[in-house]
Amino acid sequence: MDPDTRRKMKDKFGLRQDIFREFLAEFLGIFMLILFGCGSVAQTVLSRGTMGELLTIHFGFTLGVMIAVYISGGVSDALMEFTNGEFAITGVNATANIFASYPAKHLSVLNGFGDQVIATGALILSILAITDRKNIGAPRGMEPLCIGLIILAIGVSMGFNCGYPINPARDLSPRIFTAVAGWGMDVFRAGGCWWWIPVAGPMVGGALGAGVYFLFTELHQPEAEKQEGNNVQDKYEMVTEN
């Protein structure tokens, strides 16, 4: 597309309100997160482990988060063959867990809530450290990759209990989809009404992680004018110009 046509389309169709631009960016970002993340789960479950494993799921969500951050800064025939048309929530042929999280058999409601609080708190604390310009931080432009690696770390260290949803948008919307797409309202009753934990736990954990980072690190950082001549961030910025 030539520049003149692109400019005319932007003038005619481009959104002027920030709230609408942000909505579209967040929508597309979450779509890509679910596409790569849940897609990796679907490939592993529907192939019965022959085309994926737990580590590939971790990588799927890691890359999904990375792409989602860069962007915002379906059920296939295989499902019918796998389930013989019966959409199960529990058991060996369960497929609802492709889309949303469910607790392992050993996990109680209280421990599940704690799991989500701790995992989300660790995520938010790490993100604050990565984006803190008064700290070492991450090289400019590398923040999405670093955040994706945080998700990978959470997955390989805390994914045993319930698959680390750590985000209401990642868990609740796909769960609503499964409720209306054939799995029924049992998706909200399964696991002792587990559905609210990936919603409430991350909210509490996010606030807790932010508070811990503030009290332990940000509160004690010197003021900006006292850091002149000793800006550690400059040493780690990527060279993007010749």
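The buried residues of helix H6 are covered by parts that include helix H3 (54-72) and H5. Contact here means heavy atoms within 4.5 Å. Buried means under 20% relative accessible area, exposed means over 50%, and partly exposed lies in between (1.4 Å probe, protein chains only). Helices (H or I, at least four residues) and strands (E, at least two) are DSSP runs, numbered from the N terminus.

This is a predicted model, in which local features need pLDDT of at least 70 and side-chain atom pairs count only at pLDDT 80 or more, while totals for chains, interfaces and linings use all residues. Residues are numbered from 1 along each chain as its sequence is written, and side-chain values use heavy atoms, with hydrogens and water left out.

## Overall picture

The protein has 10 helices and 0 strands. Along the sequence the pattern reads α-α-α-α-α-α-α-α-α-α. Of the 242 residues, 35% are buried. The accessible surface comes to about 14,600 Å², and carbon and sulfur atoms account for 63% of it. Accessible areas come from the Shrake-Rupley method with a 1.4 Å probe; for residues, only the protein chains shown count as cover.

Helix H6 covers residues 143-158. Its 16 residues should span 22 Å at 1.5 Å a residue, and its end C-alpha atoms are 22 Å apart, which agrees. The expected span is 1.5 Å times one less than the number of residues. Buried residues in H6 are Glu143, Pro144, Ile147, Gly148, Ile150, Ile151, Leu152, Ile154 and Gly155.

Ile151 sits in H6. Its relative accessible area is 6%, so it is buried. Which residues does Ile151 contact, leaving aside its neighbours within four places in sequence? They are Phe61, Thr62, Val65, Leu123, Tyr164 and Ile166. Ile151 and Ile166 are 15 residues apart along the chain, and their C-alpha atoms are separated by 9.4 Å.

Thr120 belongs to helix H5 and is buried, at 3% relative accessible area.

Tyr164 lies in the loop between H6 and H7. Tyr164 is buried, with a relative accessible area of 6%. Its phi is positive, about 45°, although it is not a glycine.

## Helix H7

Helix H7 runs over residues 168-183. Its 16 residues would reach 22 Å in a straight helix at 1.5 Å a residue, but its end C-alpha atoms are only 20 Å apart.

At the start of H7, a side-chain oxygen of Asn167 comes within 3.0 Å of the backbone nitrogen of Ala169. Just after H7, Gly184 has a positive phi of about 85°.

## Salt bridges

Side chains of opposite charge can pair when their charged atoms come close. A salt bridge is a side-chain nitrogen of Lys or Arg within 4 Å of a carboxyl oxygen of Asp or Glu. The whole structure holds 4 salt bridges. The table includes some of them.

| Pair | N to O distance |
|---|---|
| Asp4 and Arg7 | 2.6 Å |
| Glu143 and Arg133 | 2.6 Å |
| Arg189 and Asp186 | 2.7 Å |

Asp4 and Arg7 are 3 residues apart in helix H1 (residues 3-13), which puts about one helical turn between them. Asp4 is partly exposed at 41% relative accessible area. Arg7 is partly exposed too, at 47%.

Glu143 and Arg133 form a salt bridge. This pair links distant parts of the chain, with Glu143 in H6 and Arg133 in the loop between helix H5 (109-131) and H6, 10 residues apart. Glu143 counts as buried at 13% relative accessibility, whereas Arg133 is partly exposed at 34%.

Arg189 and Asp186 both lie in helix H8 (residues 186-193), 3 residues or about one turn apart. Asp186 counts as partly exposed, at 38% relative accessibility. Cys193 is also in H8. Cys193 has a positive phi of about 60° although it is not a glycine, and it is partly exposed at 36% relative accessible area.

Key: Polar contact = N/O pair within 3.5 Å; in protein donor to acceptor, adjacent residues only side chain to side chain.
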